[in-house]
Amino acid sequence: MNKLKLRLQLEQYFLEDIGERDVTSELIFGNQEQGKIAFIAKESGIFAGEDVINIGFPLLEKDCEIILRVKDGEAFERGMVLADVSGSVAALLKGERVILNLVQRMSAIATKTNEAVHALNSTATKIVDTRKTTPGLRMLEKYAVRCGGGFNHRFGLYDAAMIKDNHIAFAGSITTAVEAIRSNVGHMVKVEVETETLEQVVEAAQAKADVIMFDNRSPEEIKEFVKHVPEGIITEASGGITMEDLPAYGQTGVDYISLGFLTHSVNALDISVKVSI
């Protein structure tokens, strides 16, 4: 994860929440009183958010002391202390909500991803995320997917060409769309084509796409489609796949399964911040 970018993002998140000042904490405590808080798990999961804690609190107080008791990607149990942070009470209270919100969401994504990886139970097929992320949080959410044992799809519209149904409709055909991209980019940019029919799969293969996605297809359909994809072209299943479906899709022979629910609909993991004595 890009720590410079994270620092800049955290500064913006704090600005949104604190504004000019934390009226409550500053008027009660000033900047002198010292204290300690603990991040405590209220349910089990997979942790993600080391850098959020390590970079976040020092932005508010340079000399705070942080002790992390779990690393990114590690499992933790309910009741476990995940981190201790000591410093001025005002700084701790200013930072706790923003940092806790991020750690809860990231850990929820890591936990959901880990659940999906275990449900798939495959060494040949990998779980990947999508662009269905929270605006402003994509870097953090995609990092959390990696903490959970998953892999990242493209980060944005800028790092790979992905020809979807509307691109095909406007271009007139898969072949036309692929050729237009190939004639304007170098060899480092991969081209993925989204397909829904066997005819589209065959056309994408003939157009020499780097990746062919089978969109909203059943495991049975994908097993048939895969037979028509030449060796060397990566295959991906996507669209409407649930946690319960994963074992069946894992038997289709695809290289990747992309899951939007890893990031777009997770519930924050239950973690609390309590004052430590």
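The side chain of Glu 221 meets that of Arg 217 in a salt bridge, 3.4 Å from N to O. The term salt bridge here means a side-chain nitrogen of Lys or Arg within 4 Å of a carboxyl oxygen of Asp or Glu.

Before we go on, a word about the model: it is predicted, so local features need pLDDT of at least 70 and side-chain atom pairs count only at pLDDT 80 or more, while totals for chains, interfaces and linings use all residues. Residues are numbered from 1 along each chain as its sequence is written, and side-chain values use heavy atoms, with hydrogens and water left out.

How many salt bridges does this rule give? The count comes to 11 salt bridges. One of them joins Lys 3 to Asp 51, with the closest N and O atoms 3.9 Å apart. Lys 3 sits in helix α1 (residues 3-18) and Asp 51 in helix α3, so this pair ties together parts that are 48 residues apart in sequence. Helices here are DSSP runs of H or I with at least four residues, strands are runs of E with at least two, and both are numbered from the N terminus. Asp 51 counts as buried, at 14% relative accessibility.

Another salt bridge links Asp 210 with Arg 182, where the closest N and O atoms are 3.1 Å apart. This pair connects distant parts of the chain, 28 residues apart: Asp 210 is in the loop between α8 (198-206) and β9 (211-215), and Arg 182 is in helix α7 (residues 174-182). Asp 210 is partly exposed, with a relative accessible area of 25%, and Arg 182 is partly exposed too, at 33%.

Now come back to helix α3 (residues 50-60), where you will find Ile 53. Is Ile 53 buried or exposed? At 1% relative accessibility, Ile 53 counts as buried. Leaving aside neighbours within four places in sequence, Ile 53 is in contact (heavy atoms within 4.5 Å) with several residues, including Phe 47, Ile 66, Val 85 and Val 103.

The largest nonpolar core has 74 residues, and Phe 57 and Ile 257 are among those that touch the most other members. Such a core is a set of buried Ala, Val, Leu, Ile, Met, Phe, Trp, Tyr and Cys residues joined through side-chain atoms within 4.5 Å. Helix α4 (residues 89-120) gives the most to this core, with 12 residues.

Next, look at the strands. Strand β1 (residues 34-41) pairs with strand β5 (residues 81-88) in the antiparallel sense over seven bridges; two strands pair if DSSP finds at least two bridges between them. Within this pairing, Ile 37 has Val 85 as its bridge partner. Strand β1 is also joined to strand β12 (residues 271-275) by five bridges, again antiparallel, and there Ile 37 stands opposite Val 275.

Finally, an open sheet of six strands has the order β6-β11-β10-β9-β8-β7, with parallel pairing. Its edge strands, β6 (126-128) and β7 (161-163), each pair on one side only. Three bridges join β6 to the parallel strand β11 (residues 256-258), and Ile 127 stands opposite Ile 257 in β11.

Methods. Buried means under 20% relative accessible area, exposed over 50%, partly exposed in between (1.4 Å probe, protein chains only).
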